[in-house]
Structures are given as structure tokens and as C-alpha cells.
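Student: I want to learn how to read the features of a model like this one. Can we go through it step by step?

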Number of protein chains: 2
Amino acid sequence: MTEQSKTNPSQPRHSRDVAQWDMETDVAIVGFGGAGGCAAIEAADAGSEVIIFELASASGGSTAMSSAEIYMGGSGGTRVQQACGFDDSTEDMFTYMMMSAGPQADEVKIRNYCENSAAHFDWLVDLGVPFKDSFHEERAIMCLTDDCLLYTGSEKAYPFVEHAKPCPRGHNLYVEGDNGGPLFMKIVTANVDKRDHISVEYETRALTLIIDDVGAVVGLVIRKDQKEINVRARQGVILCAGGFNMNEEMVQKYAPMLTQGTEPIGNPGDTGSGIQMGMSVGGAAINMHEGFISIPYYPPASMTFGIAINDKAQRFINEDVYHARLGHAALQQQGDRLYFIVTVDDYGSYEKMNFLGASIAGTGESVTELEDELGLRKGSLQQTIDLYNEDCVTGEDSQYHKASQWLKPLEAPLVALDITPGRGCFVPWFTLGGLDTLPTGQVVDPQRQIIPGLYAAGRTACGIVRRAEGYSSGMSVGDATFSGRLAGKQAASSTKAA
Amino acid sequence: MTEQSKTNPSQPRHSRDVAQWDMETDVAIVGFGGAGGCAAIEAADAGSEVIIFELASASGGSTAMSSAEIYMGGSGGTRVQQACGFDDSTEDMFTYMMMSAGPQADEVKIRNYCENSAAHFDWLVDLGVPFKDSFHEERAIMCLTDDCLLYTGSEKAYPFVEHAKPCPRGHNLYVEGDNGGPLFMKIVTANVDKRDHISVEYETRALTLIIDDVGAVVGLVIRKDQKEINVRARQGVILCAGGFNMNEEMVQKYAPMLTQGTEPIGNPGDTGSGIQMGMSVGGAAINMHEGFISIPYYPPASMTFGIAINDKAQRFINEDVYHARLGHAALQQQGDRLYFIVTVDDYGSYEKMNFLGASIAGTGESVTELEDELGLRKGSLQQTIDLYNEDCVTGEDSQYHKASQWLKPLEAPLVALDITPGRGCFVPWFTLGGLDTLPTGQVVDPQRQIIPGLYAAGRTACGIVRRAEGYSSGMSVGDATFSGRLAGKQAASSTKAA
């Protein structure tokens with residue numbers, strides 16, 4: 001075995017091979033994004049000495065690159081929800097999130113998240129994160145005003161709305177435009193910097209974990225200034241190193257479905273090294289096949305009046321769902337093409353407002369003309385539109401249950417956008433698999449036995465969000481910050497190795 | 001760490017903790033099904049001393065429970081293919097299998113399989129496995145006559161047929177009825193028994209692997225007669241312990257999609273312990289989310305004249321595909337119900353011949369009556385059947401490309417079967433994830449570095465078969481026997497530890 005392979009994230013180092021500890025701390029944290037920052041603050045506030053190791057030359061991670069919408073609610077509502085007149089029950093939030101996660105839901109983790117989400121809002125406010133008591137009513141992917149509260153998922157759409165009372169839970173920071181991420185991380189970083197017990201080592205790569213004879217994690221090996229350094233962590237290591245978006249080999253191996261996307265969303269450090277380090281000491285990696293993948297066909301919100309079809313001219317989902325739920329369903333379709341059909345009126349400001357960048361595949365003064373331009377089977381789109389338009393008149397989408405507010409007959413002239421992945425439109429994606437953890441952030445093995453001294457949070461762990469079909473914006477930063485805090489607290493409460 | 005956790009398959013034992021070797025061999029094999037048996041034969045024939053450890057009191061594994069159809073071809077054809085007039089090219093077989101495996105295909109492994117598949121047939125014949133030079137023409141899930149060759153996948157169906165010349169590659173043993181599995185394992189077992197260098201330990205549980213200081217696998221711990229025994233394996237350990245069908249926790253964690261099935265197919269030993277042992281020493285487990293899951297709507301073959309629909313009365317696949325491809329597509333549908341619609345004539349002998357056990361959801365003297373009975377949106381099934389019947393007349397299925405031989409207008413009276421999983425019909429499933437291996441059977445870590453001394457074959461490895469969408473009957477036993485042989489040869493060619 002070569003020297004190199006000893007510092008491969010998939011091979012831990014044994015403490016007996018550590019000649020000396022070059023650095024010591026109570027809690028070592030890998031990665032300074034939203035999860036790592038929040039973990040450090042909680043661990044320090046509980047009395048532990050903390051070092052954060054960050055690959056980049058500044059804090060931020062993928063949180064800083066995001067909109068930093070944060071999915072919160074329950075317990076009667078956050079301050080903002082209440083001020084905007086929304087009384088959000090924990091049970092409704094729980095039901096929605098359980099449906100969102102699907103058969104792979106971690107019920108205990110989701111329950112804990114929902115029960116403590118309103119308190120998490122207060123904690124963020126105490127850090128100095130600003131939220132305005134205002135509601136952004138328009139259907140949007142992100143809030144481009146400084147308003148706070150918005151619907152960011154499929155809460156008002158079928159089938160969720162039939163089981164859980166909808167409530168907006170996306171909390172956007174009090175800042176103009178899509179600038180929440182940098183502001184959020186600036187505030188978290190200021191909080192880290194002002195705590196004496198936390199130090200940050202930038203431009204430092206975490207190479208591998210260090211374990212003792214019984215398999216407990218007692219430290220990690222880092223590389224800084226071309227030197228390998230053995231770091232002892234008396235209370236353990238928290239992995240907050242992001243997902244594996246940027247590791248093509250891992251994506252191909254674990255989540256080949258995502259290769260249909262066009263744009264990995266995340267920072268260059270999302271190489272899966274944290275997940276690999278956890279696996280190397282026996283941690284279970286779960287839900288590795290799943291990811292967020294989306295066809296973001298709105299804004300403008302008026303696109304919701306349209307219909308998505310496959311190349312058989314069949315609809316396949318209620319078009320008022322969150323864009324990733326539509327994206328996932330689209331990717332399940334047999335055939336070569338996917339279109340989004342909308343009236344010229346509703347297409348309106350699409351050119352100006354869209355993120356998708358889909359090209360126009362056809363236009364028609366009649367449905368027959370559009371069928372022709374799209375190469376659809378003659379009569380097939382007419383059938384679909386006939387049924388749909390009849391349903392629009394009665395106000396009930398008998399087939400896919402799009403909410404009545406979005407039902408309006410599709411009258412020519414019509415526009416068809418080509419929303420086929422790989423044909424020019426933007427199909428963002430990121431991974432949703434990671435280390436299996438308890439709600440405390442403790443990493444577990446395939447038998448769910450705790451691996452002593454090892455914690456994970458944010459995307460390195462497999463959290464509350466489990467699939468594109470049930471994603472809502474704000475769930476990732478919500479999960480990262482919340483799970484980071486819990487891991488920090490748990491590590492700080494553990495016995496310090498002598 | 002307790003004594004118990006030391007013999008947990010997810011925690012290897014270190015050789016320094018082995019007080020003495022209780023048993024020694026060159027090659028240790030875990031599991032005596034098709035993979036383990038073939039591995040043992042090859043290793044012994046290459047001069048190694050072999051011990052097979054089998055949990056049950058007899059050989060067999062899941063191979064003995066299967067039909068033991070074996071997917072083989074290429075190189076101009078096996079003896080049977082040639083005798084039946086089929087000239088099978090390696091390239092056509094390769095193209096078909098690559099399409100079958102999808103984005104997660106292991107091209108190198110599939111290439112190797114296709115290039116050596118006809119020779120594998122000869123090897124099996126040399127073992128004494130009997131194949132009759134006859135072709136079973138009827139579309140079937142398994143051959144109930146003693147004929148050999150049959151189409152067992154989607155070779156003749158869209159889209160495969162557009163890219164690879166179809167050829168039947170399922171080889172059924174020369175035995176009446178669905179009795180190939182027991183006969184096959186009887187022959188393999190006789191071959192094992194007559195080799196002096198192979199011994200078999202039945203009723204023996206493999207507990208965990210033993211590794212040395214550099215992480216190489218040097219043996220394993222077994223339990224026999226309530227005693228833990230340390231077994232030294234000078235040339236390594238081959239894991240042939242099946243998949244993880246029978247481990248509910250692993251299925252929920254890794255492949256929750258499969259929980260929609262009703263019946264795990266496999267033997268009680270398919271607990272994932274082999275996969276866990278491999279992971280415990282750094283082996284990568286891949287494709288863990290995938291499985292075979294099927295709605296076996298034929299035989300009788302006449303069912304293929306029917307159409308499968310969702311609860312929007314939309315078709316969703318060409319109905320001449322392999323049953324698991326239809327099953328997979330069915331499971332992607334939005335909605336609560338799935339139906340299979342067929343004429344009363346074609347329904348014919350369904351009651352007698354079917355495996356599915358689906359109940360009749362409705363019958364109709366007219367399409368309108370059937371829509372009514374099924375609670376479908378008025379006019380929706382009529383639309384679908386109108387288009388479909390028009391296409392039957394022209395002989396081209398414009399929407400889903402079912403082959404023209406299966407196109408015949410659906411004329412009332414019609415029968416609708418309820419093929420919704422969970423409503424009475426049989427939905428068999430099994431796992432398709434496992435340890436990542438090279439074609440040689442060598443287990444690799446997430447960086448595809450070889451783990452010295454560790455091999456895997458059959459379902460414990462992730463082989464040539466990767467998803468329900470592209471499954472063909474015979475691929476599992478084909479893969480198990482072929483990959484077992486390669487692992488046996490590779491282990492036997494390695495240097496014996498001093």
C-alpha cells in the first residue's frame with residue numbers, strides 16, 4: 001500500500017500509525033458552509049474548542065451560492081408566518097414533508113425538524129439573520145424582492161393539498177434580489193469569527209479520518225501548505241463537506257439518473273470526500289441514487305396555465321407542482337421529446353423572466369398546426385387539449401388535478417417550448433444521498449450502530465430531503481443549518497478523550 | 001465495542017486479533033449457489049484448495065429456486081442458437097445489453113460477458129448441463145416444455161429492435177416443466193463433490209472478514225456448531241452470498257422503490273451479509289437502489305394484444321416488452337390505479353395460465369361502459385382506444401411502437417384487469433445492487449482500487465444486470481455462473497500468502 005493510498009478518503013489512518021499529534025482540538029469540523037458554520041457556533045457555545053478546516057480560501061460552501069431560502073414553520077408559525085396571517089401546524093408540516101420524502105423518509109428526523117423548526121427561526125434571528133415580516137404572493141422559484149415568506153414547494157398542489165393544509169414555509173432573507181446566500185454566510189462567518197473558541201484553517205484539505213483500535217474516530221489528517229498534519233479531535237469530527245455533485249465518477253456510479261441534468265448546482269468542493277471518509281470507517285451511505293433534478297419552467301407564473309406533454313401529447317403531471325417534481329416526472333417519460341404548451345398570452349413575458357432557456361419548438365394558429373410542427377401523432381394533442389379544455393370549463397382537472405386557479409382553456413395561438421433535457425434548456429441538479437445519521441448527527445453503520453466520534457451534517461449526511469419529487473426550495477439550507485447545529489451540540493456534549 | 005459487534009458483517013476482524021487459525025485453505029467461498037459452485041470448480045481446476053461455506057444444509061441458493069434460464073449468445077451463436085438457425089453476433093448482444101443496463105452500465109463487464117458467453121455455454125455443457133437443440137417460439141416468461149432456446153427479454157421490442165438485431169438468448173435446461181434450477185444445481189454440486197480439492201461446510205454462517213495491517217483480506221470468521229472459527233484463506237475470499245432481498249432494513253434504506261413489490265424472489269439467505277462484509281473492508285456498493293420489479297401480465301401471450309393504461313386511461317409503454325420493463329414503467333405513473341385492457345377473446349385462457357393473479361376490475365360491452373366501471377374520466381379511454389385502433393389498422397403503433405404482430409383493434413367486449421401493485425396481483429422483485437467488482441471479480445473501493453484478497457460474484461456483486469427496465473430472464477443465472485467462474489480463476493491465480 002502506497003503512502004498516497006493511506007491518505008485516500010476511502011482509507012482511514014490508524015492512530016497507531018500516528019507518530020505525533022500535530023494539532024489538537026475538541027471538535028474538528030470539515031467544511032465551512034452553512035452546516036459547518038452552524039455546527040461550530042453550537043459546539044463553541046456549549047463550551048468546546050473548535051477548529052473548522054475549509055478547502056477554499058473563504059467560508060461559504062454551497063450555501064453562499066444558493067438563495068439561502070430556509071424552509072421553516074410549524075408550532076403555530078414562525079414570527080414571519082404569524083405576522084403574515086399564517087397559522088402553521090407542526091402536523092401539517094410533518095405530513096407534507098413525509099409525503100415529500102416518500103418511501104425513503106426518515107420519520108424521526110423529519111419529526112424532529114418540524115417540531116423544532118420555529119425555534120430554529122428564532123436562533124437564526126438571534127445570530128442576526130434578517131427576515132422581513134412580509135409575504136411574497138406570486139408563484140416563484142426564488143424571491144427577487146426583499147420579501148420574506150413564499151410558497152416554495154408543492155404545498156398547494158395535488159396530492160399534497162389533499163393531506164396537509166398548505167402554508168408558505170420558504171423564508172427569504174431581508175435583502176433585495178437573489179442575494180440571500182452571500183448575506184447569510186457573511187452573518188454566520190461573523191458569528192464564528194467573534195467566538196474565541198473557534199479557529200478556522202482555510203486552504204486546508206481534509207485527507208482522511210483517524211481511528212483508534214475499536215474503530216472510534218479520534219481525529220483526521222489534513223494537508224496544509226503541502227504538509228500532512230495529524231489533528232486530534234477529543235470530542236470527534238463533524239463532516240460538513242457537501243455532496244458529490246462534482247465527482248463525475250461517483251455520480252455515474254451512484255446516481256446515474258442525474259446525468260440527464262445539464263448543470264450541477266453546488267461548489268467545486270462537492271467531491272463526495274466527506275461521504276467517502278464516513279464510509280471508510282463503516283458509515284452507511286444511503287439514498288445515494290437520489291437527487292434534485294428539475295426543469296424550471298416558471299417563472300413567469302403564467303406558465304402554470306400551460307400543460308407539459310411527452311411526445312405522445314400526453315400530460316403527465318399537474319403543472320402547478322414544484323418545478324423539480326415536474327422535472328422528475330418528465331424524466332420518467334418514454335420517448336424523445338418533452339414540450340410545454342402555453343397560450344401566446346401566457347407565454348407573454350417568458351423571454352424576459354425565464355431561467356430555463358428553452359427554445360420554441362413550434363407555434364400554431366390551431367392545434368392541428370402545432371401537432372404538425374412538433375411531429376406529434378395527428379389528433380393526439382387535439383385529444384389532450386379537448387379533455388383539458390372541457391375540464392377547465394368545469395373547473396376541475398379530472399386527470400391530473402391541477403388546482404382550479406390554474407385552469408384556463410388553451411386557445412390558439414399556442415406556443416410549444418422544447419423542454420427535453422439535452423436540447424438546450426437548463427436542467428439543474430444536485431445529489432441528495434449521504435451518510436446515514438441519527439437526528440443528533442451521529443453517523444451510523446448499516447446496522448444503525450453509532451460510529452463513535454463521527455458526525456455529519458448538511459449534504460454530507462442524508463437529511464430530511466430525499467428526492468426531487470418532493471423537493472421544496474429552502475429545504476437544503478434548512479436542513480444544513482439545522483443538522484449542523486444538532487451535530488455541533490451533540491459533539492460538544494460528548495466526553496473528551498483523555 | 002462488544003464481542004457481538006466484532007462479528008458483525010459490517011466490522012472486519014483484524015488478523016492481529018486472531019489468536020490462531022482454526023482452519024486453512026487457499027480460496028474460501030461464501031455461499032453455495034450458482035456463483036459459489038462455479039467459482040469453486042474453476043478455482044479447484046486451476047490447482048487451488050477450496051472450502052465453500054454455506055448457511056443452509058444443502059447447496060442451491062437462489063439459483064436452485066429459479067428456472068435457471070441462462071442468457072447466452074454472441075460469437076455467431078451457441079450450439080443451440082446455431083442449430084435453431086440463429087446467427088447471433090457479439091455486437092448485437094453487446095448493444096442490447098448496454099441498452100438494457102442503461103446509464104449505469106458497466107461497459108467493460110458487459111463486453112467481456114458477450115465475448116465469452118458462447119464459450120461459457122460450452123463450459124456448462126462440459127459440466128454436464130443438458131440443452132436440447134430446439135426453439136420455443138411462443139412468448140413466455142419461462143419455458144414449460146423441455147425446449148431450450150427462447151426470447152426472454154425485450155429483444156424484439158422497441159426501442160431495442162431499432163438498434164440491435166434480435167436473437168433469442170434464453171437457454172432453458174433440457175427438463176420438462178419449470179425445473180431447471182434444481183437440476184442445474186444438482187449438476188454443479190456433483191461437479192463440486194467429485195473434486196478432491198473442494199470441501200463444503202454446510203450449516204455454517206460467515207460472520208465477518210479478517211484483514212491484515214494493510215487492509216488485505218486474509219480470511220474470514222465463521223460460526224459452526226455454535227463455535228467461532230477463524231479461517232485463513234491464502235488466496236482470498238470470494239463472496240457469493242446473494243443479494244439483500246430478505247433484509248427489510250437494507251431494502252428500505254437502499255432500494256425503497258422495491259417496497260412496492262409484493263414478493264421478494266430469492267432464498268432466505270439473501271440478507272445482504274456478503275455485501276456488508278465487502279463494504280466493511282472498503283468495498284464500494286453500487287446500484288443499490290435498483291432492482292427487478294415486475295407486473296407479469298403474460299402468459300398467455302395473447303395478452304400482448306392488449307394495452308396497459310394508468311388511471312388517466314393513458315398507455316405508457318409498448319406492451320410487447322419484457323414484463324419487468326412494463327412493471328417499471330407502470331410504477332412511474334402518477335395516480336392510484338393501473339389496468340390491463342384486453343378483448344374477451346384474448347383474455348381467453350388467462351385464468352388458467354396466468355401467474356399474475358390480477359382480479360377483474362371491469363368488463364364492458366362498450367368502451368363507455370368500461371370507462372364507467374373503472375371510474376375513468378368519460379371519453380378518456382375512448383380517446384386512447386380510438387388512436388390505438390386506428391394505428392392497428394395501419395399496422396404501426398405511432399405512439400408506443402408495439403410491434404405490428406401484436407396490433408389488433410380492441411373491440412368490445414373488453415376485460416380490464418387491475419394490475420395495481422398492492423391490490424392483489426403478484427409483483428415479484430429482487431435487488432440488483434452489490435459490490436463493485438472488476439470483470440475478474442476483484443472487489444474495488446470507491447476509487448476503483450482493488451481490495452487485495454477479496455472477490456465477489458453473483459448477486460453479491462453488481463454485475464451485468466442493472467435495472468428492471470432492461471432485464472431479460474436468464475441474465476441473473478448467466479451472470480452468477482459466469483462471474484463465479486472468473487472470480488474463482490482470478491483467486492486461484494493469485495500468490496498464496498506464505
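Student: How many residue pairs are in polar contact across the interface of chain B and chain A?

Tutor: The rule finds 21 residue pairs, both partners at pLDDT 80 or more. A polar contact is a pair of N or O atoms within 3.5 Å; within protein, one must be able to donate a hydrogen and the other to accept it, and residues adjacent in sequence count only if both atoms are side-chain atoms. Now the ground rules. This is a predicted model: local features need pLDDT of at least 70, side-chain atom pairs count only at pLDDT 80 or more, and totals for chains, interfaces and linings use all residues. Residues are numbered from 1 along each chain as its sequence is written, chains are lettered from A and ligands numbered from 1 in the order in which they are written, and side-chain values use heavy atoms, with hydrogens and water left out.

Student: How is the size of an interface given?

Tutor: Often as the accessible area lost when the parts come together. Buried area here uses a 1.4 Å probe and is summed over both parts. Chain B and chain A bury about 4,400 Å² between them, with 46% of it on carbon and sulfur atoms. The contact (heavy atoms within 4.5 Å) takes 49 residues from chain B and 48 residues from chain A.

Student: How many salt bridges does the rule find across the interface of chain B and chain A?

Tutor: Eight. A salt bridge is a side-chain nitrogen of Lys or Arg within 4 Å of a carboxyl oxygen of Asp or Glu. One case is A:K253 with B:D436, whose closest N and O atoms are 3.8 Å apart. A:K253 also meets A:E249 in a salt bridge (3.8 Å, N to O). A:K253 and A:E249 both lie in helix α8 of chain A, four residues apart, about one turn of the helix. Over all chains, the structure holds 60 salt bridges.

Student: How are two copies of a chain related?

Tutor: By a rotation about an axis and a shift along it. Chain B can be laid on chain A by a turn of 180 degrees and a shift of 0.0 Å along the axis, with an RMSD of 0.0 Å. That is the relation of a two-fold axis. The same surface serves both copies, as 96% of the contact residues of chain B recur in chain A. The superposition is by least squares on the C-alpha atoms of residues with pLDDT of at least 70 in both.

Student: Which domains does the assignment give in chain A?

Tutor: Domain 1 (3-65 + 181-292 + 428-493), domain 2 (70-177) and domain 3 (301-418). The bounds come from an automatic or database domain assignment. The C-alpha centres of domain 2 and domain 3 of chain A lie 29 Å apart. Their contact takes 12 residues from domain 2 and 14 residues from domain 3. These two domains of chain A bury about 1,100 Å² between them, 58% of it on carbon and sulfur atoms. A:R139, A:I141 and A:Y158 supply 53% of the area that domain 2 buries against domain 3.

Student: Which residues does a cis peptide bond join in chain A?

Tutor: Most peptide bonds are trans. In chain A, a cis bond joins A:A412 and A:P413, with omega about 5 degrees. A:P413 is found in the loop between α14 and β17 (414-418) of chain A.

Methods:
Helices (H or I, at least four residues) and strands (E, at least two) are DSSP runs, numbered from the N terminus.
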